[in-house]
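Subject: Structure handover and notes

Dear colleague,

I am passing on the structure that you will find just below.

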Amino acid sequence: MPTTTLRYYEDIGLVEAPARGRNGYRTYDDADIARLRFINATKNLGIPLSDVAELARAYDVEDCSSVAHQVVEMVAERLTETQARIGELVALAAQLQTVSARLAGAPTAGVCGADCPCATAAPAPLAARRTFVPLTRSPALQDQSATPIACSLDAGAVTDRVSEWQSLVRRASSREPISGGMALTFAVSAGLAAEITLLAAAEQDCCSFFTFTVRLTTGEIRLEVQAPADAADVVAAMFGTAA
């Protein structure tokens, strides 16, 4: 941890100034180091420093289980925000791809004018277009016969679809990695199998690179989600990683 960071934490009251040795150097004991590790760990989760300060105060006086519960709640908030942002970014990617396609058709010669694509680059209204959205940094395929890592869902509907998956994934009792993807297990409840199947079918319709398998056993529903290696980040973003 840089010295400047330690000084800043002292300035904002996140940590107390440690004792000094005879040589004037700050001296950190094991308790100081453990507290700094806790602060660093929570900050690296993207939790704002104001909330980290609240957690640090709890860390000093409360049981570990109580502190862990508070961290879990803050992480859940961050996860929801992050997944919503993923939906927004995918929608933005759809807009940018539309603009890029329009600009690619610009004339090769002549001055810009009123009809120049550069001056009319704003994307069409969401309801008026349906476009394929690249979901990886390198959507171009070496094997042209392969399924593209792309989504044909209208950009305006992406955030709602991500929210639907978020709501479903939160109900899973467990997650485990499988070859090429993730398996989620749910306790059987009324209508849940149909809900999972319908959502999986809708997703596969717009993102054909996904493969969904629904298995029903006594008291349990297992949803297996698989995708090509290039879409591993998409699977992790939408369905999480193994707990």
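In these notes a nonpolar core is a set of buried Ala, Val, Leu, Ile, Met, Phe, Trp, Tyr and Cys residues joined through side-chain atoms within 4.5 Å, where buried means under 20% relative accessible area, exposed means over 50% and partly exposed lies in between, with a 1.4 Å probe and protein chains only. Please bear in mind that this is a predicted model, in which local features need pLDDT of at least 70 and side-chain atom pairs count only at pLDDT 80 or more, while totals for chains, interfaces and linings use all residues. Residues are numbered from 1 along each chain as its sequence is written, and side-chain values use heavy atoms, with hydrogens and water left out.

The largest nonpolar core has 31 residues, and those with the most contacts inside it are Trp-165, Leu-184, Phe-186, Phe-209, Phe-210, Phe-212 and Phe-239. Two or more residues of this core come from each of helix H5 (155–169), strand S6, helix H6 (192–206), strand S8 and helix H7 (232–239); helices (H or I, at least four residues) and strands (E, at least two) are DSSP runs, numbered from the N terminus. Another core, of 16 residues, lies apart from it and includes Tyr-9, Phe-38, Val-52 and Ala-58. As a general background, nonpolar side chains tend to be buried together in soluble globular proteins.

Rings of Phe, Tyr and Trp (its six-membered ring) pair if their centres lie within 6.5 Å, and planes under 30 degrees apart count as stacked, over 60 as edge-to-face and the rest as tilted. The whole structure has eight aromatic pairs. Phe-209 and Phe-210 form a tilted pair, because their ring centres are 4.5 Å apart and their planes stand at 35°. Phe-209 is buried at a relative accessible area of 4%, and Phe-210 is buried at 1%. Phe-212 and Phe-239 pair edge-to-face, with 6.3 Å from centre to centre and 70° between the planes, and this pair links distant parts of the chain, since Phe-212 is in strand S7 and Phe-239 in helix H7, 27 residues apart. Ring pairs join Trp-165, Phe-209, Phe-210, Phe-212 and Phe-239 into a cluster.

Next come the strands, where two strands pair if DSSP finds at least two bridges between them. Strand S8 (residues 220–226) is mostly covered, with five of its seven residues buried. Strand S6 (residues 181–187) pairs with S8 in the antiparallel sense over seven bridges, and Ala-187 stands opposite Glu-220 in S8. Strand S7 (residues 211–217) also runs antiparallel to S8, joined to it by seven bridges, and the two form a hairpin with two residues between them, where Gly-219 in the turn has a positive phi of about 75°. Thr-213, found in strand S7, stands opposite Glu-224 in S8 and counts as partly exposed at 23% relative accessibility. The C-alpha atoms of Thr-213 and Val-225 are separated by 6.7 Å, although the two are twelve residues apart along the chain.

With kind regards
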